[in-house]
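Please keep the sequence and the structure in view while I talk.

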Amino acid sequence: MPVPVPRQRAIPAVEGGQARAASRVGATAETASTPGAPAGQAPPSAMRGAGDSAGSTSLMLLVIEDDPAGSLSVPELLDSAGKPIRVRTARNLTEAERLLTDDVHCILLDLALPAPGRAAEGDDELATLKHVLRLAPRHAVLALTASGDAERGAEAVRVGAQDYLFRDELDGRLLSRAIRYAVERKRSDTAERRLAEGRVRAQENRRLHRGLLPTPLLEGSSLRFAARYRPGRSRALLGGDFYDTVRTPDGTVHAMIGDVCGHGPDEAALGVELRIAWRALTLAGLCGDELLGTLQQVLEHERYSDEIFATLCTVDIAPDGRRAGLCLAGHPTPLIARVGRVAELLPYESGGPALGLLPNARWPRRQVELGGAWSLMLYTDGLIEGRIGAGKERLGQEGMVDMVRRQLAQGLSGEELLRAAVNEVRDLNGGELTDDVAVLLLERLQ
């Protein structure tokens, strides 16, 4: 049995792997003061949860109790590997807060310790425990209560402690096992909570993703529609790329694709605003230069910096599907594949500047012939700016055209064609693309 001795405020730590005799805090007890720090204060560091470093170092127990008589004796403790469990002792919750450093894995709390502002808590017998749980939400907590007071111990577990122990029945094996169990249970509970939170976030992200990406309005049109979107930022819902397609009452199908410079959430939000504005203006009857001029006003009012700009490509396809008007605002020209002819870029020599660069800019609309059956692909520069292998060479528009020609020759179309194109560009890049990628495909079968 450990022999109680008067409280010591600083007990030598373990040196050379040998634990010195520990008295009232029987295992290896750590000093509460460090060079350059005030007495009783541990070195500052960010708090981490239970078990964050338990796998690489011995366990650390923080005992929180106020016992002037020194009757509470913590026996010698060993972890599952036979290493001494280090012990710190705090007389009150203020001192405990200073000692809650990132190497503490478990807290042994005497429920008899009065909580700060106890009068304000009323008659809540677990006010001290609740205060500690708020103070250390990521640490394992063992509640220490009077012998026979199992009801209070069970209530402590219900409130949030990992387990409870009787004050007068402590022994080394029991307490060592309880500490290990509490740390592992806290780690398991934390992992389970994070998994549940991840599932909820994933569900919310899917709903948000469906809400932010457009639903094409093509009712009554014979054209087939497909699109692929891949944000460049890790775990992002959207990037700065945006697209949309609508059919107006006169039978004209309007499509657009754009790219806000940058890849952050602000650029993504601005892209969504421009897409919604484009849809509203298109349904209101605007097109060509008038439409793009109005979109530039929207961008200028909504952007957070005068340096932000956006490229844009708009296409309005005639009701008979054989002709289209094309406007480019600093954006790559679309690719067209016609029956009996190789895929090629639509000719366009007189596009206007990107939105937001020049005041009072103009964007001429050019008429292009589509023919009978065709596939028209609109894309952002993320599709053509990926690298080819480990060098500095990029795919470029010519490389993209060759790639799509080969995929069309393999009989790919629609969603399959876009999926194959995006995947091959990523593979050529040697991994995920850093830029956002959006690709839109409209097809007329006859």
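Let me begin with how angles are taken: axes are lines fitted to C-alpha atoms, for helices over the stretch in contact (heavy atoms within 4.5 Å), and angles run from 0 to 180 degrees between N-to-C directions. This is a predicted model, in which local features need pLDDT of at least 70 and side-chain atom pairs count only at pLDDT 80 or more, while totals for chains, interfaces and linings use all residues. Residues are numbered from 1 along each chain as its sequence is written, and side-chain values use heavy atoms, with hydrogens and water left out.

Helices (H or I, at least four residues) and strands (E, at least two) are DSSP runs, numbered from the N terminus. The open sheet has 5 strands in the order S7-S8-S9-S10-S13 with antiparallel pairing, where two strands pair if DSSP finds at least two bridges between them. Its edge strands are S7 (241–247) and S13 (366–369), and the twist averages 20 degrees from one strand to the next. Between S8 (residues 253–260) and S9 there are 8 bridges, and isoleucine 257 stands opposite cysteine 313 in S9.

H6 lies across S7, S8 and S9, at about 15 degrees to S7, whereas H7 lies across S9 and S10, at about 150 degrees to S9.

Which residues of H7 are buried? Buried, meaning under 20% relative accessible area with a 1.4 Å probe and protein chains only (exposed is over 50%, partly exposed in between), are Gly288, Leu291, Leu292, Leu295, Gln296 and Leu299. On the other side of H7, Glu290 and His301 are exposed.
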